[in-house]
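Hi,

Here is the structure I promised to pass on.

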Amino acid sequence: MLTPAELVWLIAAVAKGDQAAFERLYAATRAKLFGVVLRILRRQDLAEEVIQEAYVKIWNSAGLFNPGQSSPITWMASIARNRAIDVVRKRSETSIEEEPAAMEVAADTPDPLARREMTEDLKRLLECVGQLEPDRQKLVLLAYYNGWSREQLAEKFAAPVNTVKTWLRRSMMDIRECLGL
Amino acid sequence: MMAYSEDHIALAAEYVLGTLDAGERAQVDTMMSVDKNFTAMVLAWEQKLGALNQMVGSVEPRAEVWEKIRAAIGQSEQQAPIVLPQPELEPFAPVAEAAPVVADTSNVIRLAANARRWRTIATVTSAIAAALVVMIGVGVSRPDLLPGGVRPASKTQVAEVKPAPAPRPSAQYVAVLQKDGGGPAFILTVDEATRNFTVRKVGASAEPGSSFELWLISDKLPKPRSLGVIGNGDFTSRPLLTGYDADIVKSATYAVTVEQSGGSPDGNPHSTPIFAGKLIETVPPAR
């Protein structure tokens, strides 16, 4: 795995149209980004489409990356994740879960949760998430990791959508306060 | 950033969390394209919540994916597509500053120095990590393996708790007209029901002696159609889109050219489009 500084260098080269740098950037980040979008989309074909679009966008907007504002991997993962969320929100009327291909995703190998591998940012965030009530913790994490809509969360927590809306908002404001954002 | 209302802050946070619906997401995209500070707030949330991605397992995509990406960027160089909506951001800061290297080093030092503090929060974190293992490991594709407490509700329950979809006002479409990769210059809003459109000027002003003219470009029409000169005020509203099919209106590219004062005399554009964009669907808040 490349260091953040190396990724920043590669994105800078990509911004100048360096295709070799782009290929290295892809090689270093594709599995992480694919893991993130596959978890949300749960279908290999959709995840592949989203990853393609995301990397084309990364190629086109590398010049806009600001290392003072975002870490390179978060910037790239956000592009991919935003695209994945857009896709699931637009497909919301068809239930992705029931597609048979969704099951194949189980081959996924979760990264070890070794504490020494967590960054300080992650520890701090988890500390704040941990201050929420247990149900709200699940709510926030299911929303982030699985890309669930308010309607899906309402189903899971057997609560009206408007209640979920309120929970989500309050949870995010609590996290904000805890992080000092 | 302090000037934003709690509504805006929550909107940015929920955009990043991913729980907004398609219409709200389109609104946030539009807000980001016209408001640098709002964009900064969204990026700050992405940075904070993005730490959670560390816990997500890596999955190798198939080799064909790269082939398709490579083919697509080859094409994009030749065609120079309009990328939109694009957040208005600072250009790439010089790499020589190497800010992330510094940040990274301090991170390592802090990590060592804070070992004691870390031990005190370890209990809390472990509990969360355990919840994460459940959700990441099996929560996605094997709901049957989850303990009852985190298993999704059954479909029967679902039907009972799902409220009827709220009636929505007519759809609104928004296009951000901008230079390739540059900031937005005009925001075009189209009301689906009335086909009225409004152009809001957010950037450029026409040079004296010239006018900005708006065009509708569609592969279903033989040539660009003028939608008229954009006035000097902040807003220009017209009902002109009533003459076009809904499909053409939704799929067309909207472009702005520089014409002589008062607009093109012969109905044809006389410059290449300097700002262009396509409509995205958005829905006004029902509140």
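Helices here are DSSP runs of H or I with at least four residues, and strands are E runs of at least two, numbered from the N terminus. Counted that way, chain B comes out with eight helices and eight strands. Bear in mind that this is a predicted model.

Staying with chain B: 29% of its 287 residues count as buried. Of the contacts between residues at least 6 apart in sequence, 62% join residues at least 24 apart. I also checked helix H2 (residues 22-34) of chain B: at 1.5 Å a residue its 13 residues should span 18 Å, and the end C-alpha atoms are 19 Å apart, so the two agree. Its buried residues include B:Ala22, B:Val28, B:Asp29 and B:Met32.

Now for helix packing in chain A. H3 (residues 44-61) and H4 (residues 72-90) pack at about 135°, with axes 9 Å apart. The contact has 10 nonpolar, three charged and no polar residues.

The other pair is H6 (residues 134-146) and H8 (residues 161-179) of chain A, at about 90° with axes 10 Å apart, which makes H6(A) roughly perpendicular to H8(A). A:Arg136, A:Leu139, A:Val140 and A:Ala143 of H6(A) make the contact with A:Trp167, A:Leu168 and A:Ser171 of H8(A). By class, that is five nonpolar, one polar and one charged.

Cheers

Notes
Residues are numbered from 1 along each chain as its sequence is written. Chains are lettered from A and ligands numbered from 1 in the order in which they are written. This is a predicted model: local features need pLDDT of at least 70, side-chain atom pairs count only at pLDDT 80 or more; totals for chains, interfaces and linings use all residues. The expected span of a helix is 1.5 Å times one less than its number of residues. A residue is buried if 20 or more other C-beta atoms lie within 10 Å of its own, exposed if 12 or fewer, and partly exposed in between; C-beta atoms are placed from the backbone. Two residues are in contact if their C-beta atoms, placed from the backbone, lie within 7 Å. Axes are lines fitted to C-alpha atoms, for helices over the stretch in contact, and angles run from 0 to 180 degrees between N-to-C directions. Angles under 35 degrees count as roughly parallel, over 145 as roughly antiparallel, 65 to 115 as roughly perpendicular and the rest as oblique. Ala, Val, Leu, Ile, Met, Phe, Trp, Tyr, Cys and Pro count as nonpolar, Asp, Glu, Lys and Arg as charged, and the others, Gly among them, as polar.
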